[in-house]
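Student: Please show me the model, and then let us go through some of its residues.

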Amino acid sequence: MSTLEPERGTGTGTLVEPTPQTSHGDGDHERFAHYVQKDKIMASALDGTPVVALCGKVWVPGRDPKKYPVCPMCKEIYESMGAGGGDDKGKGGDKK
């Protein structure tokens with residue numbers, strides 16, 4: 001029997017939609033400051049749009065990143081980019 005079709009012969013039916021499985025991980029992303037392009041941080045400060053860190057975390061910055069250690073994954077990606085990729089990156093973080 002499909003969860004989207006009512007049972008036959010019961011007169012009424014209830015649609016049951018599966019609950020999506022979401023994972024918030026172990027929370028480590030919340031304990032770090034992340035590397036994000038400076039212009040993206042400025043735009044986020046002006047209009048509240050979310051930013052995407054090098055490690056993939058998506059959030060709206062709002063807290064002082066200097067209070068948190070740098071995300072190890074962001075740091076590794078940043079360092080692998082070499083000297084040419086470092087001009088437009090900044091440390092921007094938030095513990096949401």
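**Cysteines and a buried serine**

Tutor: The sulfur of Cys 74 lies 3.6 Å from the closest cysteine sulfur, that of Cys 55, which is too far for a bond, because a disulfide is a pair of cysteine sulfur atoms within 2.5 Å. This is a predicted model, in which local features need pLDDT of at least 70, side-chain atom pairs count only at pLDDT 80 or more, and totals for chains, interfaces and linings use all residues. Residues are numbered from 1 along each chain as its sequence is written, and side-chain values use heavy atoms, with hydrogens and water left out.

Student: To what count of disulfides does this rule come?

Tutor: Cys 74 has its closest cysteine sulfur in Cys 55, too far for a bond. By the rule, the count of disulfides is zero. Cys 71 is in no disulfide either, its nearest cysteine sulfur, in Cys 74, being 4.0 Å away.
The count is therefore zero.

Student: Is Cys 74 buried or exposed?

Tutor: Buried means under 20% relative accessible area, exposed over 50%, and partly exposed in between (1.4 Å probe, protein chains only). Cys 74 has a relative accessible area of 0%, so Cys 74 is buried.

Student: Which residues does Ser 44 touch, not counting those up to four places away in sequence?

Tutor: Ser 44 is buried, at 4% relative accessible area. Contact means heavy atoms within 4.5 Å. With residues up to four places away in sequence not counted, Ser 44 touches Thr 49, Val 51, Val 60 and Pro 61.

Student: How far apart in space are Pro 61 and Ser 44, C-alpha to C-alpha?

Tutor: Pro 61 counts as partly exposed, at 25% relative accessibility. Pro 61 and Ser 44 are 17 residues apart in sequence, and their C-alpha to C-alpha distance in space is 7.2 Å.
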